[in-house]
Amino acid sequence: MFRYCCLLCGLWMLLLSGCNSDDEGSGLRNYTAVLIDSDVYREADSDNFHLEEAEITGDSLKVRIRYGGGCEEVKLQLVGLEEILDSDPPQRNIRLLFEDNDPCEALVAETFYFDLVPGRVNGSDRVRLILPDWDEPLWYVY
């Protein structure tokens, strides 16, 4: 009986550890590269969301957004203009495109990570990323 209880407790702990709702640990699930495409940047539609956080660490941009949903998966894409603003150091406009085909209305906060390497500017060791709805400077230094 004792072994049976220990086995059940062990299985229960294993199940609980797999149900971690902290999205910080699921960053790999939400990790994609920035897309540098001026046509997509200018023409793509985006569903509504609120940007809560934007931070660059190494080659990654971490963003935390809040949106209405909770039943289905959503998609967040980072897109940058191909054109670089003529400045020193260079600057690039970027934007987040949010696709929310989720009919639920719970308030959800989720973190996404983006590989910034495709957004590097030749001949420079840094670029300022200009993200709408984010007032703080985002410097990508490489």
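Which backbone nitrogen does the side chain of S38 reach at 2.9 Å? These notes take that and a few other points in turn.

1. **The model.** This is a predicted model, in which local features need pLDDT of at least 70, side-chain atom pairs count only at pLDDT 80 or more, and totals for chains, interfaces and linings use all residues. Residues are numbered from 1 along each chain as its sequence is written, and side-chain values use heavy atoms, with hydrogens and water left out.

2. **Confidence.** pLDDT is the predictor's confidence in each residue, from 0 to 100. The protein chain has a mean pLDDT of 84. Of its residues, 80% reach 70 or more. Over residues 1-27 the pLDDT is below 50. Beyond near neighbours in sequence, that stretch has nine contacts in the model (contact: heavy atoms within 4.5 Å).

3. **S38.** The answer to the opening question is E82: the side chain of S38 reaches its backbone nitrogen. A polar contact is a pair of N or O atoms within 3.5 Å; within protein, one must be able to donate a hydrogen and the other to accept it, and residues adjacent in sequence count only if both atoms are side-chain atoms. S38 lies in helix α2. Helices (H or I, at least four residues) and strands (E, at least two) are DSSP runs, numbered from the N terminus. S38 is buried, at 3% relative accessibility. The cut-offs are under 20% relative accessible area for buried, over 50% for exposed, and partly exposed in between (1.4 Å probe, protein chains only). Leaving aside residues up to four places away in sequence, S38 touches G80, L81, E82 and E83.

4. **Salt bridges.** Side chains of opposite charge can pair when their charged atoms come close. A salt bridge is a side-chain nitrogen of Lys or Arg within 4 Å of a carboxyl oxygen of Asp or Glu. The count by this rule is six.

5. **E83 and R42.** These two side chains form a salt bridge, at 3.3 Å from N to O. The pair links distant parts of the chain, 41 residues apart. R42 sits in helix α2 (residues 38-43). E83 sits in the loop between β5 (75-80) and β6 (91-99). E83 is partly exposed at 39%, while R42 is exposed at 53%.

6. **E52 and R64.** Here the salt bridge spans 3.7 Å, N to O. E52 is in strand β3 (residues 50-57) and R64 in strand β4 (residues 60-69), so the pair ties together parts 12 residues apart in sequence. Both count as partly exposed: E52 at 30%, R64 at 23%.

7. Elsewhere, salt bridges that share partners join E52, R64 and R66 into one network.

8. **Strand β8.** This strand covers residues 126-130. V127 and L129 make up its covered face. R126, R128 and I130 make up the uncovered one. Two strands pair if DSSP finds at least two bridges between them. β8 pairs with β6 in the parallel sense, over three bridges. There, N93 stands opposite I130. β8 also pairs with strand β9 (residues 138-141) in the antiparallel sense, over four bridges. R126 has V141 as its bridge partner in β9.
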